[in-house]
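Please open the model in a viewer and keep the selection tool at hand. The tour moves from stop to stop, saying what to select and what is found there.

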Amino acid sequence: MESYNSFHVAQKQVAEAAKLLNLDRATVELLSYPQREFSCTLPVKMDDGSVKIFHAYRIQYNFARGPAKGGIRFHPDETVDIIRALASWMTWKTAVVDLPLGGGKGGVVCDPKKLSERELENLSRAYIRAVAEYIGPEKDIPAPDVYTNPQTMAWMMDEYETIVHRHQPGVFTDKPLQIGGTEGRRDATARGGVTTVREACKILDVNPHGRYAIQGFGNAGQRAALLHEEILGGGKLVAVSDSRGAIYNPDGFNPKDLVTHKLTTGTVRSFPGAQQISHEEILELDVDVLYPAALENAISELNAEKIKAKIVCELANGPTTPEADLILFRKGVHVIPDILASAGGVTVSYFEMVQDSYSYFWDEDLVHKRLDQKLTKAYHSVQQAMVQKRVHPRLAAMVVGVARVAEACKLRGWV
Ligand code: NAD
């Protein structure tokens, strides 16, 4: 459950960045609200012959730098304000990594665990019938998010192409490889995050081969562990957690063994020889790098004082509360904020759009190289803003993102 109204938090962040940038009143107001919102009801035929009505949204936050871009979530607790907030953060995220895109997000209020495969397909296609006119490679490009995946994108792309009567793979990203997906998408978020950690270690003189811990050993967390060796040349993974528990080994775990164990048993908790610790303790370990890769608000004013990591790399969306940001900054903990640390996913999604547009696909090495360049440059832009404005890294990232979007709005003559 979210303890904040996420959209109010997002608006406050825009206001803070705007103040540091001395933006005029009209620009601030423009950037504080979505440019367009769609709300619809979707009648869907269920397996038992009944018809169920689902409520759905698509929010296009800002188009100044390019078409809207952001995921579609299927979640029972979806609210329009959560989607507005996520669409706002996508806008600053795409701007921080300097992609020619705006921000967007969509959601369907549903419990996907209670739907059959066929009902999920019907729902995905119904959603596209409702929004088809307003999305497209030059308008708004959705992608998977919570409880949606490449299969969902394949159904949605098929429905969209049926409606527009032409091949149009660039309308969705994170599609299966066989139908216009890209190499390098699966580990892109973690790869981007670990790349920013590499850059932070250089600036802060932190040992890149030091101890690290991962809260949330799912997609992003597992990939981060596997990429440490490749990107940082090593490191000792001393603790990991998932929803069922947390484990610790001061001598370090082998990331590959842990991933195999998690995939075969469904949890890290039963890993042989590991010491059990609590969900709270993993966040408070004496490590060089902590990766929150699970849920929102993991680090709050309740535990921020106890965080001992030198670097916190936010692979998860919103793992640190605004109060905790200030505490961590005061303590000298270097937070790599989510809109930078987890931007690798949308960066490779953009590469997918580019490849789809000319139907020529890059090999994995080229995707990795270009991702590395984008994230390295973005990290240093944020670092520079942090030093210039003397603010914590999240505000610095917002300053970079908001400044770029505001400039585009001004150039277009909107404000
Ligand atoms: P996932 O569902 O694969 O993994 C989440 C993991 O967190 C699971 O292993 C789950 O057991 C664990 N978890 C849940 N509650 C926990 C708790 N209280 N303590 C510890 N672990 C807990 O999801 P993911 O794709 O890895 O995404 C993780 C985070 O990263 C989310 O916030 C997501 O929005 C963000 N993110 C992911 C991507 C991506 O490309 N996968 C991109 C951007 C942001």
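A pocket is an open set of grid points with protein on both sides within 12 Å along at least five of seven lines, and its lining residues have an atom within 4 Å of a point. The structure on display is a predicted model.

**Stop 1: the second largest pocket**

Please select Pro137, Glu138, His167, Gln168, Pro169, Gly170, Tyr350, Met353, Val354, Asp356 and Ser357, which line the second largest pocket. The volume of the second largest pocket is about 220 Å³.

**Stop 2: the largest cavity**

A cavity, unlike a pocket, is a set of points where a 1.4 Å probe fits but cannot get out. The model holds 1 cavity of 30 Å³ or more. The largest cavity contains about 30 Å³ of space. To display the lining of the largest cavity, select His334, Val335, Ile336, Pro337, Leu340, Tyr379, Val382, Gln383, Met386 and Pro393.

Next, colour strand β12 (334–336) and helix α13 (364–389), each of which supplies at least two residues of the lining of the largest cavity. Which element gives the most to this lining? Helix α13 does, with 4 residues. By class, 8 residues of the lining of the largest cavity are nonpolar and 2 are polar, while none is charged.

**Stop 3**

Strands of a sheet pair through backbone hydrogen bonds, and the pairing is either parallel or antiparallel. For an example, select strand β6 (residues 211–215) and strand β7 (residues 236–242), which run parallel and are joined by 5 bridges.

**Stop 4: strand β4**

Select strand β4 (residues 103–109) and show its surroundings. Of the 7 residues of β4, 6 are buried, so the strand is largely enclosed by the rest of the structure. Strand β2 (residues 51–62) pairs with β4 in the antiparallel sense over 6 bridges. In this pairing, Gln60 stands opposite Gly104 in β4. Strand β3 (residues 68–75) and β4 run parallel, joined by 4 bridges. Phe74 stands opposite Val108 in β4.

**Stop 5: two buried residues**

Select Gly184, which is in the loop between α5 (150–164) and α6 (188–204). Is Gly184 buried or exposed? The relative accessibility of Gly184 is 10%, and buried means under 20%, so Gly184 counts as buried. Leaving aside neighbours within four places in sequence, the residues in contact with Gly184 are Val348, Glu364, Val367 and His368. Try the distance tool on the C-alpha atoms of Gly184 and Val348: they are separated by 7.3 Å, although these residues are 164 residues apart along the chain.

Then move to Thr27, in helix α2 (residues 25–31). At 2% relative accessibility, Thr27 too counts as buried. Apart from neighbours within four places in sequence, Thr27 is in contact with Ala406 and Val415.

**Stop 6: two exposed loop residues**

Select Asn22, in the loop between α1 (6–20) and α2. The phi of Asn22 is near 55°, which is a positive value in a residue other than glycine. With a relative accessible area of 68%, Asn22 is exposed.

Finally, select Asp205, in the loop between α6 and β6. Asp205 is not a glycine, yet it has a positive phi of about 60°. Is Asp205 buried or exposed? Asp205 is exposed, as its relative accessible area is 72%.

Technical notes
Residues numbered from 1 in each chain as written. Predicted model: local features only at pLDDT ≥ 70, side-chain atom pairs only at ≥ 80, totals over all residues. Heavy atoms only, no water. Buried < 20%, exposed > 50% of the residue type's maximum accessible area, 1.4 Å probe, protein only. Contact = heavy atoms within 4.5 Å. Points joined across faces, edges and corners; volume = space filled by probe spheres on them. Nonpolar A, V, L, I, M, F, W, Y, C, P; charged D, E, K, R; others polar. Pairing = 2+ DSSP bridges.
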